[in-house]
Amino acid sequence: NQNSLQLEPKASDSFTSTGFILAAIGSSVGLGNMWKFPYITGMYGGAAFFLIFILCLALVGLPILLAEMVIGRGGRGNAVSSFHNLSKTKWWGYFGFLSVLSAFAIMGFYAVVAGWTMNYAFTSLTGNLFENPDYTASFLSFAGGNMPIFWTIITLIITCWVVAKGVAGGIEKFNKVLIPGLAVILVILMIRALTLPGAGEGVEFFLMPDFSKLTAESALVALGHAFFSLSLGMGAMLTYGAYTSKKQSLGKAAAAVAGGDLLYAFVAGLIIFPTVFSYGIAPGQGPGLAFMALPAAFAAMPLGNLFGFLFFFLLSIAALTSTVSLVEVPNAYLMERFKWSRAKSATIVTLIIFAISIPASMSMGILSDNLLFGKTFFDLLDFVASNIFLPIGGLVVTLFTGYAWKRAGEEAGLSGFWYNAWMFCLKYIAPIMVIVIFLYSIGIIKF
Ligand code: PHE
């Protein structure tokens, strides 16, 4: 397939250079930044955790992010065929197929959580959210009921529609409007949070490191989160990379995306911690932080339903720009593999995800006692994707770029110091760290 490798994609199948950066930021900035990052930071030591997270982003996340973009553009294919186009052995591509499976598994629960955020945005605005002040009970009864399925459908329809419209006309346009929009809402919410009485205590918790709280486990959680947050190990950045022009500097793009991801997480922290501290709520509330703790703060705040709406609306938008990239991975694969039209492929992918998301949603309610390997279906999807598929996918990318494919540096446009630094991370630091988190998360090693 040598010919196609030299070609630029058709205009409708390619990003402009800002479009690519915004779409990649859209993929990386998601529920991971706004919902997961604050609660794990709360649980694993505040600012000390945040510093370790930055280190993981720089030494492991950024090198793998660049490698994925480079494989996509070099191979000009999907998460499977890009490897085939660049290598004589088929094995890399077979591992690439895991990415397609990860995308389905992640979407199966991610679309459900995205749906929750939409429901919360809506009920903040109408005020229904604040009717029952027991927010834990009302979250549990909501998540276990049928309403989330309705919102999951809305999430999937919007996502499918954007993907079906194509790379330039759908994905790029969507992100070009929404990513700057997200920044505006974040700034409004940050100003509100930082001017609440007692906000300083929350800022201090978030930004004053206490290294005594740092454990090996928190370092591993930070690394796993760096992976998830940059959308690595499941072919999203690789698939987007295939749509960029040869003129684009991928090194700069990767740095912008990692920096953007960090900035959005940082600002999310500056919203959530001052808000919860100001209303006397403990920060380490686990996954319920956004859905159970924050509504209480919004209820007590002047114009709380407006700020509650903005907050949950922000989460919904951040989630949608990520779901679009998740769906594009299997979509691009099936389009090429079966020569389907984009609309047909996107529809089929969406229907499969819908079928997975129903039991995922119901495992918060009537299926909560049906355990597989000791986990609910929802938790199992998250566990298998985040702890097994993503690390394997990341490992394949580092080993392929570090050891197998000799032209990676040329495609990345790197030479000299930056090339050597990149290769050092890909050959040694990243694979070792990824193997360690993998063995830890499946319980083979313990600290
Ligand atoms: N990076 C997204 C987030 O932080 C999640 C995601 C993972 C998106 C993998 C695409 C691929 O929420």
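Predicted model: local features only at pLDDT ≥ 70, side-chain atom pairs only at ≥ 80, totals over all residues.

Let me begin with the ligand. There are 15 residues around the ligand, and those that come nearest are Gly30, Gly32, Ser231, Ala236 and Ser322. Two or more residues of this shell are given by each of helix 2 (17–28), helix 3 (31–43), helix 11 (216–229) and helix 15 (304–338). What is the make-up of the shell in nonpolar, polar and charged residues? Nine are polar, six are nonpolar and no residue is charged.

I turn now to backbone angles. Most residues other than glycine have a negative phi. Leu303, however, has a positive phi, near 60°. Leu303 sits in the loop that joins helix 14 (289–300) to helix 15. Leu303 counts as exposed because 11 other C-beta atoms lie within 10 Å, and the cut-off for exposed is 12 or fewer.

Phe373 also shows a positive phi, near 50°. Its loop runs between helix 16 (342–362) and helix 17 (377–404). Phe373 has 8 C-beta neighbours inside 10 Å, and is therefore classed as exposed.

Finally, consider Asn78, in the loop between helix 4 (47–75) and helix 5 (81–86). Is Asn78 buried or exposed? Asn78 is buried, because it has 28 C-beta neighbours inside 10 Å, where 20 or more are required. Leaving aside residues up to four places away in sequence, Asn78 touches Thr239, Ala332, Tyr333 and Glu336. The C-alpha atoms of Asn78 and Gly241 are 9.4 Å apart, although 163 residues separate the two along the chain.

Technical notes
Residues numbered from 1 in each chain as written. Near = placed C-beta within 6 Å. Helix = DSSP H or I, 4+ residues; strand = E, 2+ residues; numbered from the N terminus. Nonpolar A, V, L, I, M, F, W, Y, C, P; charged D, E, K, R; others polar. Contact = placed C-beta atoms within 7 Å.
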